[in-house]
Amino acid sequence: MTTPGVDGAVVREERPLTERRLHPVTPLRRAWAPVAVLIGWAAHDPDQAQRQLTRLTTTTLLLALAALIPAAALYGFLTWWFTHFAVTDTELRIRTGLLFRRTAHIRLERVQAIDVTQPLLARVAGVAKLKLDVIGTDKKDELAFLGAEEARTLRAELLARAAGFAPETAHEIGEAPSQELLRVPPKVLAVSLALTGATWGTLAAAVAVPTILWLVTGSAWTVLATAIPLFGAAGASSVGRFVTEYDWTLAESPDGLRIDHGLLDRAHETVPPGRVQTVRLVEPLLWRRRGWVRVELKVAGSSNSVLLPVAPREVAESVIARVLPGVTVPPRASLTRPPRRAARCVPLWWRGYGLTVTDAVFAAHTGLLGRSLALVPHAKVQSVRLTQGPWERLWGVADVHVDTGANETVTARLRDTAEARELLHAQAERSRTGRRDALPDRWMA
């Protein structure tokens, strides 16, 4: 609220801070913590846990459960009761702690992304998590749980405040409208996973390795200890990805590209405008006949890593143009290979390396069978390095590394030494010019 001052200047009055609690279903989630500690202890030392259980009588077990369940419920209630959050003009405050108090002050100007996720049981209960990616933090701050509609409303309010809207109107802005760009059909996703070499590689290893161990050792425990992790990895690379990337929907809104996905756990994520550090087009060998690619990205301070799980190349390139305004994916014909003598350093595979530099991006290609093209906008380059081992020095080639703010490094492999040195200085200059001319990274309204 604002009032005129004595000299006619506008003076902003501090509004009373209104603290809110999480959804009443939250204690059910927190109550599992003591139980999880006991389960973790039992899993860590199963023999000791079994010996302790065999010593207990039925009456003792019932008394222990009668004490544990109310204690867990009380713990869940108290942690919920002592957790509050409030939104001020410039920050989100989260106050937690039963015995030791902790107050997190999250500056809205440092927020990278705000995502809404709904695990399966949360969807049944009609609640959601609000996760915030903040610059300078390794893990996300979160509010779990809020009502599903409350989570979306709060997200819209925080984005509006971060975009610079007046506090009086930020809560009235609502969620920005979005326009759907692409929806990945489940059949296409399933076929793409079936045509991925990693899926069949892990499955073949899960079958072959335990079989060999059984023939060599004859120990069932050795086979089980090896087979379970291998089959788990095979499931994660196929069924797990299908469940996670199911119904992948990409939409465009003023606050960035919105991603919705998930069969069991639904996630509502946003790729913030202007903060993408690197975009990578991945093209597995068996996808080429269908013209499919996978688009991955790196955003500083964000866990978002996939933009499109599978899409036709022309569609993927049009989406990249929206993520990186003014950037056109360079055609494969524009890539220059390393000199032929690079084969002395990396036989055969040297043909899979390529490089092109446009006015907008540094683009490096790797791979003969599975291809990958990494695009780094000049304005996002943090440092440029040239490395040259003794064998590379002998044959007159060197590697040029481009580092970004998302702890990502893109490398132009086996370039001619003279070309690499020229590229090093030219890229440093392009990066300085790009940062100077880049638009500020702000949420849009």
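Biologist: Where is the place of Asp 115?

Modeller: In this predicted model, Asp 115 lies in strand β6, which covers residues 111-118.

Biologist: Is Asp 115 buried or exposed?

Modeller: A residue counts as buried when its relative accessible area is under 20%; Asp 115 has 1%, so Asp 115 is buried. Its side chain reaches the backbone nitrogen of Thr 270 at 3.1 Å.

Biologist: Which residues have the most contacts inside the largest nonpolar core?

Modeller: That core has 35 residues, and the ones with the most contacts inside it are Val 279, Leu 307 and Leu 308. Among the elements that give two or more residues to the core are β13 (276-283), β14 (292-299), β15 (306-312) and α11 (313-323). There is also a second, separate core of 23 residues, which includes Leu 92, Ala 128, Leu 132 and Val 134.

Biologist: How should I read helix α13, and which of its residues are buried?

Modeller: Begin with the length: at 1.5 Å a residue, the 21 residues of α13 (417-437) should span 30 Å, and the end C-alpha atoms are 30 Å apart, which agrees. The buried residues are Thr 417, Ala 420, Leu 423, Leu 424, Gln 427, Ser 431 and Gly 434. Seen down the helix axis, these buried residues fall within an arc of 110 degrees, so they line one face of α13.

Biologist: What covers the buried residues of α13, and which residues are exposed on its other side?

Modeller: The cover includes β16 (354-357), β17, β19 (381-387), β20 (397-404) and β21 (409-416), while Ala 418, Glu 422, His 425, Arg 436 and Asp 437 are exposed on the other side.

Key
Residues numbered from 1 in each chain as written. Predicted model: local features only at pLDDT ≥ 70, side-chain atom pairs only at ≥ 80, totals over all residues. Heavy atoms only, no water. Core = buried A, V, L, I, M, F, W, Y, C linked by side-chain atoms within 4.5 Å. Buried < 20%, exposed > 50% of the residue type's maximum accessible area, 1.4 Å probe, protein only. Helix = DSSP H or I, 4+ residues; strand = E, 2+ residues; numbered from the N terminus. Polar contact = N/O pair within 3.5 Å; in protein donor to acceptor, adjacent residues only side chain to side chain. Expected span 1.5 Å × (residues − 1). Arc of directions from axis to C-beta. Contact = heavy atoms within 4.5 Å.
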